[in-house]
Amino acid sequence: MKYVCVIGGANIDIFVSPYSQLVLRDSNPSRIHYAYGGVARNIAENLTRLQVNTHFVTAFGQDNFADLLKQDCLRLGMDISSSSTFNGNTSTYICVNDISKDMFLGASDMDILSNISVDLLSSLLTLFNNATAIVIDTNLNVEVLDYLISNVTQPIFIETVSCAKAKKLISRRLPFSIKANSYEAEVITGVSITDQTSCHEALLKLNKQGAVLPIITCGKEGSYYYYNGKFGHNQGISVISGNTTGAGDSFLAGVVWGYQQGKDVDYCLRAGSLASILTLQSDKPVSELLSSDYLTTLLK
C-alpha cells in the first residue's frame, strides 16, 4: 500500500483575534480559540483528509495537551505508531492576529522537538525509504535535516516554516522539492524578490542547491516553480480570507497529493493552490471541507 511519511512538529495552537484595532501594552478584547496544529501535523492532516495513507513522526510531550493531540491524530486516521513521547511540555504556538485577521505576532515553545534525533530517525529509515514521498519541516534541527536529505532515497518535500527557521537552509544541500514563500526564499537565496525576474533568479539558486522542484509562493501573485529546465507560474486567486494560518501547509499537502498520483507539476501546483484557498476560507488551520473527491472536482 502506498503511503507518505511526514516528519516534524505537532502543536497546540492558540489563536487570538481582536474585535478592534490592537492597542499595544494593553488588554485587547478578543476571540481566543484553540486548535491542533504544527506545520508537519497540519500537512499530515491535509494529506489524511485527501485519503493519503499518512505516517506521522513527531515528538509528543507528557501532558494533557499531548493526549489530546494523539487522540485527534488517531481520530483523523493518521498512523502515529512511529512517533515518540518525551518528558517536557507539548509544543505550543500562539498567534495574535490583527483586525484584518492576518498574523500580527507569533510566539512558539517547541523545545520538545529537539528530541527528534538522528538516532531516532535512523531506526525508521526503512519506513521512509519505502514511502512514496517524505515531507519534512524546518522545525527539525540541521543535523536531522542533513541526515534525512543524505540518507532517504525517496523524494523529500521540505516546508520552510518561517524566515527564522529558513536560515537553517542557507548554503545547505536541499532535497527534491522545497516550498517557501517569497520572504523565506529571500532569506535562503539572498535574492530580493520584487518581480517575476527576481523570483526566477531565486528559483535557480534553490535549484543549484539541489532542489529539483523549487516552489516559491507569492500570495495573490500565485506560485512560481522551476522543473526540468523550465519555469512555471500558477495564477493566484483573490479570496476573502478567514484565516491565513495553515494555508501554506495545505498548499504543500496538495502538491504532494498530486505527486503521489503521478500527476504533472502544473496539476500538482493547481491542487496546492486550491487546497490553500479552502484553508483561507476557513477559520481553522486545516479546512474540514478538504477531501480527495472535492479537490478532484475543483481541478476539473
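Accessible areas come from the Shrake-Rupley method with a 1.4 Å probe, and for residues only the protein chains shown count as cover. This is a predicted model, in which local features need pLDDT of at least 70 and side-chain atom pairs count only at pLDDT 80 or more, while totals for chains, interfaces and linings use all residues. Residues are numbered from 1 along each chain as its sequence is written, and side-chain values use heavy atoms, with hydrogens and water left out.

**View 1. The whole chain and its surface.** The accessible surface of the chain comes to about 13,400 Å², and 50% of that belongs to carbon and sulfur atoms. The chain holds 11 helices and 14 strands; helices (H or I, at least four residues) and strands (E, at least two) are DSSP runs, numbered from the N terminus. Along the principal axes, its C-alpha atoms fill a box of roughly 55 × 45 × 40 Å. Of the 300 residues, 55% count as buried, where buried means under 20% relative accessible area, exposed over 50%, and partly exposed in between (1.4 Å probe, protein chains only).

**View 2. The largest nonpolar core.** A nonpolar core is a set of buried Ala, Val, Leu, Ile, Met, Phe, Trp, Tyr and Cys residues joined through side-chain atoms within 4.5 Å. The largest one has 45 residues, and those with the most contacts inside it are Val6, Leu47, Phe56 and Trp257. Helix α10 (residues 265–280) gives the most to this core, with 9 residues. Apart from it lies another core, of 43 residues, among them Tyr3, Leu113, Ile116 and Leu206.

**View 3. The surroundings of Val6.** Contact means heavy atoms within 4.5 Å. Leaving aside neighbours within four places in sequence, Val6 is in contact with Ala40, Ile43, Ala44, Leu47, Thr54, His55, Phe56, Val57 and Val135.

**View 4. Helix α1 and the residue that follows.** Helix α1 (residues 39–49) is mostly covered, with 11 of its 11 residues buried. Charged residue types are included in this set: Arg41, Glu45 and Arg49 are among the buried residues of α1, given that Lys and Arg count as positive and Asp and Glu as negative, with His and the chain ends not counted. Just after α1, Gln51 takes a positive phi of about 65 degrees.

**View 5. His200 in helix α8.** His200 is found in helix α8 (residues 196–208) and counts as buried, at 16% relative accessibility. Beyond its neighbours within four places in sequence, His200 is in contact with Tyr224 and Phe231. The C-alpha atoms of His200 and Gly37 are separated by 32 Å, the two residues being 163 residues apart along the chain.
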